[in-house]
Amino acid sequence: MNETMKNIKKRNSCRDFHDTPLTEAQVKLLVEAALAAPSAQNIQPWHVTVITDKKFLDEMDATGVAELAVAKDKIYYDRIMSRGGKILYDAPCLIVVSAADSAWAQLDSGILCQNVVLAAESMGLGSCIVGLLRVPLGSHRGEEFKKRMQFPEGYEFAVSVLVGHVKTGKEPHDLDYSKVSFV
């Protein structure tokens, strides 16, 4: 099996990171992987923000958890609390993708994130694609957070990826061939 397939098959969503910061070289490689992603008509409708500022990450995490605590539907809050009470899982690096409004922006942003998580896996790092960053970005502090993340005008949150050194590992999910049809 080639290295790419090995990384695809062994990758899993990490939700328990060491607080060890990534090196500049690691961050640079993750950014290169992100920017190498294909997009529809090569429009590249994204903007990538890399956050390694622990204080900023903790602020967004606390705001997100507080918002989930008062939400009508407690399903996300209960799940986050059962996993340690953090939506960003103490990851030392968060890569945020904001995107311009276009027909393919969400799909293109997802492809970018897949490049990032596979690059992280190839470097021996853990990762987790995170949509719950939408919660603090939709809060009373959301505009402040977006400004600090330098979202370009007209861009909105698309998706994000946590990256760091794995503290507690887990096995990847089993392949479910019942989800496949061959025609």
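## Helix H3

In this predicted model, the buried residues of helix H3 are Phe56, Leu57, Glu59, Met60, Asp61, Thr63, Gly64, Val65 and Leu68. Their packing partners are strand E1 (46–51), helix H4 (75–82), strand E2 (93–99), helix H6 (134–137) and helix H7 (142–148), a list that includes both helices and strands.

Helix H3 covers residues 54–69, and because 16 residues at 1.5 Å a residue should span 22 Å, the 22 Å between its end C-alpha atoms agrees with expectation. At the start of H3, the backbone nitrogen of Lys55 has a side-chain oxygen of Asp53 within 3.0 Å.

## Overall architecture

The protein contains 7 helices and 4 strands, and, read from the N terminus on, these elements follow the order α-α-β-α-α-β-α-β-α-α-β. The radius of gyration is 17 Å, which is close to the 16 Å that the globule rule gives for 183 residues, so the protein is as compact as a globular protein of that length. Along the principal axes, the C-alpha trace spans about 50 × 40 × 40 Å.

Of the 183 residues in the protein, 40% are buried. Among contacts with a separation of 6 or more, 81% are between residues 24 or more positions apart. The accessible surface comes to about 10700 Å², and carbon and sulfur atoms account for 54% of that surface.

## Helix H5 and its surroundings

Helix H5 (residues 105–122) has 18 residues, and the distance from its first C-alpha to its last is 26 Å, close to the 26 Å expected at 1.5 Å a residue. Its buried residues are Ala105, Asp108, Ser109, Leu112, Cys113, Val116, Val117, Ala119, Ala120 and Glu121.

These buried residues of H5 pack against helix H1 (3–10), helix H2 (24–35), E1, E2, strand E3 (126–130) and strand E4 (156–164). Just after H5, Gly124 takes a positive phi of about 80°.

## Cysteines

The count of disulfides in the model comes to 0. A disulfide is a covalent bond between the sulfur atoms of two cysteines. For Cys14, the closest cysteine sulfur is that of Cys128, and because the two sulfurs are 7.5 Å apart, they are too far from each other for a bond.

Cys93 is likewise in no disulfide, the nearest cysteine sulfur being that of Cys113 at a distance of 12 Å. Both Cys14 and Cys93 lie away from the surface in terms of accessibility: Cys14 is buried, with a relative accessible area of 3%, and Cys93 is buried, with a relative accessible area of 0%.

## Two glutamines with positive phi

Gln44, which is located in the loop between H2 and E1, has a phi near 50°, a positive value in a residue other than glycine. With a relative accessible area of 36%, Gln44 is partly exposed.

Gln150 is found in the loop between H7 and E4, and Gln150 also has a positive phi, of about 60°, although it is not a glycine. At 59% relative accessibility, Gln150 counts as exposed.

Technical notes. Residues are numbered from 1 along each chain as its sequence is written. This is a predicted model: local features need pLDDT of at least 70, side-chain atom pairs count only at pLDDT 80 or more; totals for chains, interfaces and linings use all residues. Side-chain values use heavy atoms; hydrogens and water are left out. The expected span of a helix is 1.5 Å times one less than its number of residues. Buried means under 20% relative accessible area, exposed over 50%, partly exposed in between (1.4 Å probe, protein chains only). Contact means heavy atoms within 4.5 Å. A polar contact is a pair of N or O atoms within 3.5 Å; within protein, one must be able to donate a hydrogen and the other to accept it, and residues adjacent in sequence count only if both atoms are side-chain atoms. A disulfide is a pair of cysteine sulfur atoms within 2.5 Å. The radius of gyration is taken over C-alpha atoms; the globule rule is 2.2 Å times the number of residues to the power 0.38. Accessible areas come from the Shrake-Rupley method with a 1.4 Å probe; for residues, only the protein chains shown count as cover.
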